[in-house]
Amino acid sequence: MLIPLDYYRILGLPIQATTPQLQQAYRQRSDQLPRPEYSQAAITLRQQLIDEAYRQLSQAASRQAYDETFLAGGGGSAPPLLDAQGRRRAKPPADRAETPMLDLDERQFVGALLLLQELGEYELVLELGYPHLSNPGTIEAGRFGEPQLALADILLTVVLAYLELGREQWHQGQAEPAATSLKIAQELLLHHGLFASLRGEIQADLYKLRPYRILELLAHPDENSVQHRQGLQLLRSMLKEREGIDGQGDDRSGLGVEDFLRFVQQLRVYLTTEEQLALFEAEAKRPSAVATFLTAYAAIARGFGQRQPAFVRQASLLLRRLGNRQDVFLEQAVCALLLGRPEEATRYLSQSQEQEAIALIRQQSAGAPDLLPGLCAYTEHWLRHEVFPHFRDLVQGGVSLKEYFADASVQSYLEALPEGEPPENEWTVVPDRASVKAATPMTANRGSNRTLAALAELGDRRSIDMPQFPWQRPTPVPSAANPIEPTASTIRPLPLPEQLGTQATQHDPTAQDSGAVARAFSDFAAPGSAPPPNNVIPLSRATGANTGTSNMGSSGRSTVGAAPPLPPGGADRPSRSRQRSDRPARTRGGGGDRLPIAIGVGIMVIGLGSFLIWRVFQALGETFQGGPNLEGEQPIVQLDRPVIEIPPPPAVPNPETALTAPGLNPETAQQLVQTWLSAKAAAMGREHQGERLTEILADPMLRTWRARSRDALNQKLHWEYEHQVKLEDVKATPDQPDRGQITAEVREVAKLFKNGKPDRAGSYNEVLRVRYEAQRKDGRWYLRDVKVIR
């Protein structure tokens, strides 16, 4: 049986290898045992081939004879075939003309297949092994040994080849081919009902691969294609499992809240306005403040881009709900401008804390009686550079306020709008597009023709003079000839599943960081994190501190001019006087004579209650004013100081109570980091003591490292760590005494073990500069996040 192998490849050596190298390679190959799922028969056959290769190459005479036959094919001619003893055989087939081969006994096939898989010849393993699985007659006939053992060993080798091939495709950015390889492997295992743990490992890879598949499928050039629709379906499945964009569910992708927000930001460029509205509207009804914010952006884009101001009105209502808790006044001013309400837009500008934007708007309005010229210029710039690039169907669209206000349908709608909107209840369900379209605005002609004409003239005159905003990075806009395609910068390449979380907290430098939404994603803070600087508008402006709108905590600025929410339906509920007037008058009957009696009883109850309250206050006064009369001269005792000065006890630092210290100081920080590194070594060590993580970590860091500990246990991996910590800086947050940052230099020496055997390739010795986010909870300090800053 011809197998494309040679003795040098079996030992992993070049033909020029020396005798010491040969001996070392033989020992290493013998020590590196395959996965424990293999039968002892397969392991024995593999070792027989390794022993035969060493025996042929360790003796000078046999090696010289082998080298002559091995090199006989040099210069393009086909080398001769050799049998297991190195004897010359017939010429190989044409498709193997340049590949050295061994003629092995059929019972050695399983061992040879296992060696090819270890050498990374995955396509060759599939070519040789898969036909025997699809047509198992040769296996059942016992040609490869005991049928059940041979079937299990060949199946395991083929599945592992598919698994490793899928991971290679994954790293090469081929998400769908990688998913196909993994699915075939999983179907083979399900069909034969073997190796349940390996099925779980493949399924875990599929879950972690899903974000990359979504980006690749959504980026398909045809937005109506099956691939694009499949990407949307996968995205909805992830959102359902996560319980929303900012939910706390587990979709098993390994992405935390912040990373998932960046992922959503990256995929938006592949979705149309219609798709984003449908997607984010559904998410906003959970409710979710983040989804509400994105829905408002999609509604503004569609309303302006398709000349449908009803969607701008929908966005205005959504932003008003968010504005009760966060600063979205700049976006509200834009909506008011697009709805032909310049006075309302000016009022919103006066409430905004976006100092840089307001300064540029004032600069553009120099010499004008109000800020409308600058707001028009800002609106055009904002739509062109910060809104349209995030929508597939608008990325090439033009922006002109003059054309917008000159549109007949826009004028007709805006002229029919009422003077103002009713108060919005922030806890109501997000209005959908059907209700927005069906809503007929009240007719109130405000002479808006002159207003619209003036706005159009302002926008046309000032739009081309708007400078580039200092915080805005140029957004690449694909041309019509070069449609959107997935690139390496679309999303950072993921490492293998066990290494997924190491890059989770690193910001993607290629992510589009445009406008309020982009600043939101880059500066988004998970529940309980420290607030961003005051000059940055995070997406958490859209997340309220109150429960019911989002399950995320507020991390933005404090609300400006927040109004208390109305009861549900309060804006549209008729007044009580009207309700009473609409009721039919009650006829007088037997019940009409009870009114005087009821009034008399009410007066008696009020009088009795007043008397009781007076007596209670009188008793309390006597209690506090009375007391025993003291005789003689009394000592002077002051409440603000003790009678006898008692010196405070000397502070004795106790490392065991450092984690419960009242404030974050260098001693507490040092103990926090040391405790974390000890817990990490225990969770990722031989015993995989994941419960140790709860002593020092809080979510989201706790959730991430629990998953890593479980993955390492399932894959039979463990690490041995050595750490050296040098504390650099400790910062306590002034306005949040329960938060703080720790910066330290950590030397980490990690030794990786696979199946109990050392793996030098996965081991490392690195010095890292790390920043930890600390959080105090129930009087005890925990670490909730970590970032490698060098």
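Glu720 has Lys751 of β5 as its bridge partner. This pairing belongs to a predicted model, in which β4 and β5 (residues 739-754) run antiparallel to each other over 15 bridges.

The two strands form part of an open sheet of four strands, ordered β4-β5-β6-β7 and paired in the antiparallel sense. Its edge strands, each pairing on one side only, are β4 (717-732) and β7 (780-788). On average, and with direction ignored, neighbouring strands of the sheet are turned by 30° against each other.

Two helices may be described in relation to this sheet. Helix α27, comprising residues 666-683, lies across β4, β5, β6 (757-777) and β7. Its direction runs at about 165° to β4. Helix α28, comprising residues 701-714, packs on the sheet and touches β4 and β7. The direction of α28 makes about 70° with that of β7.

What is the number of disulfides found in a search of the whole structure? The search finds zero disulfides. For orientation, a disulfide is a covalent bond between the sulfur atoms of two cysteines. Two cysteines are listed below with their relative accessibility.

| Residue | Relative accessibility | Class |
|---|---|---|
| Cys335 | 0% | buried |
| Cys376 | 0% | buried |

Cys335 is classed as buried because its relative accessibility is 0%, and buried means under 20%. Cys376 likewise counts as buried because its relative accessibility is 0%.

Conventions
Residues numbered from 1 in each chain as written. Predicted model: local features only at pLDDT ≥ 70, side-chain atom pairs only at ≥ 80, totals over all residues. Heavy atoms only, no water. Disulfide = S-S within 2.5 Å. Buried < 20%, exposed > 50% of the residue type's maximum accessible area, 1.4 Å probe, protein only. Pairing = 2+ DSSP bridges. Axes fitted to C-alpha atoms, helices over the stretch in contact; angles between N-to-C directions. Contact = heavy atoms within 4.5 Å.
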